[in-house]
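Here is a friendly walk through a structure, from the overall build to the packing inside. Keep the model open beside you as you read.

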Amino acid sequence: MKKQVTLLKEYTKGLWEINPVFKQVLGMCPTLAVTVSAINGIAMALATTFVLVLSNLIISLIRKLIPPQVRIASYIVIIATFVTIADLVMKAQFPELSKALGPFIPLIVVNCLILGRAEAFASKNTPIRALMDSLGNGTGFLIVLFIIGGIREIIGSGTLLGFQIMPQVFEPWLIMILPAGAFLTLGLLMGLANFYVESKKSKERESIIQKYRSSKQVQLTEPGV
Amino acid sequence: METVTENPSYKLELTSSPHIHSRWSTQYAMWLVVGALIPSVVSAVLFFGWYQLVIIGFSIGTALGTEALIKYIRKRKITISDGSGVITGLLLALILPPNFSLFGTVIGAVIAIGIGKEVFGGLGYNIFNPALAGRAFLQASFPVAMTTWTIPNFALDATTKATPLASMKFDQIHTSLSPFFWGNIGGSIGETSVLAVIIGGVFLIAIGVVNWRIPVSMILGMILFGGILWFVDPVKNPDPFFHIFAGGFLFGMFFMATDWVTSPITAKGMWIFGMGISLLVVLIRVYGGLPEGVMFSILFMNGFVPLINRFTQPKTFGAVK
């Protein structure tokens, strides 16, 4: 059954179907804490994706060597290695971003998104599938973090990626760059996503009912003819 | 009983006996609250000018518009005639600083109704008082505009520029109690006049819209907790009656803490609720970073209401523990 899922599907499911933030509700700590601006969101998501992809690839490669009793500890060691790499690279290459993200880069170690994908997917699937899955999840995470960071930056400081977007008369809403703004933005976006899914579902249901009704009518009229 | 037959959704009521008919409906009570706020509106116009009526109008209009829009999107019956939206808009306007920008007022009303109330499912489902939620949003978004106080029309001296609470906190100036009574002091649009607030509040308690327990417990709590601090250090800390008359304490006590939806339903719970608000107000005013804490205290205790309700459930009659 697993073979039926194409590799492309393994990638695209992470964008919407099992989107880390909206559907799995994983990785809430970086989603809420660092999305003060769009660039912070992008940087955080890229760092997370880097760790996610490489650690899941390694975990998938050695999945048969890890005894199940100590698998979580083994995952953490592998994840911590890549987090250290990401942290040191960011400190050396982008010192300002690294300062802005602060302790949240080292905290990727305990990001439940990475551990969740390792436990739920990478430890049970082939490396190539684990790679596609983690890439898809990472992309989904990146998109959501960019949207949340963008909304908060536009309303909270009137800029997007550092460029002035809103007119000068616009008075920024400080609450949007405070933690409360993160909760409001995330909650409303999640509500919007659920609303979209629900309305799609109810439309499908209606179409099924209509099909059933029309087929029944056909059957009912047949004996009369 | 007219109201019962007017509303088609009330025609079929499935509840267990005994059935008691009452002329009270949500609508009727809401309009009584609006009536009780009229003295505060009058005092606002008297002390801060006609422009406050524009703010009140914008706030109510936006609140009703937002409610109707959200109900329309959710394909529910549009219930703006029940008066709760009017109250939220009116209360929000009355706790804004005088001459607040109309744009800010509109944002506050949209947030109050949209996030404070309709997100939770509308009237009866909201956890927090919508008007206070709107004001908290504005306070966090525009801290400077929200603490710019206009001098009232009959100001006698320059010390009334800031609110009495702010001058108490930051300059150690104690204001005497007499100006509070009429409301000739700096403060939010409708909260300054103790007289007007008391007229409305006592009216609500007398006709039974508001349960007396929450206001009484809040005043007793303030005398207790404020009194302890005053007793410890009478030079630094103001006396408890200053705490009661200053800022939005009385206004919040009569019109917001007693909100039917966001206050406890048990008698014991109401005492806990009121005392908790008073304790938090004293703590924020004396030790916190803000001069005024009524808004956050009420919102904070609102969050505790489900817990209070659960722990103060009266025993079932005849039940053996």
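Chain B of this predicted model has 15 helices and 0 strands, where helices (H or I, at least four residues) and strands (E, at least two) are DSSP runs numbered from the N terminus. Residues are numbered from 1 along each chain as its sequence is written, and chains are lettered from A and ligands numbered from 1 in the order in which they are written. Because this is a predicted model, local features need pLDDT of at least 70 and side-chain atom pairs count only at pLDDT 80 or more, while totals for chains, interfaces and linings use all residues.

Along its principal axes, chain B fills a C-alpha box of roughly 60 × 50 × 30 Å. Of its 321 residues, 47% count as buried, that is, with 20 or more other C-beta atoms within 10 Å of their own, the C-beta atoms being placed from the backbone.

Now look inside. Leaving aside neighbours within four places in sequence, B:Leu132 is in contact with B:Met256, B:Met295, B:Ile298 and B:Leu299; contact requires C-beta atoms, placed from the backbone, to lie within 7 Å.

Where do the chains meet? In all, 7 residues of chain A are in contact with 6 residues of chain B.

Technical notes. Two residues are in contact if their C-beta atoms, placed from the backbone, lie within 7 Å. A residue is buried if 20 or more other C-beta atoms lie within 10 Å of its own, exposed if 12 or fewer, and partly exposed in between; C-beta atoms are placed from the backbone.
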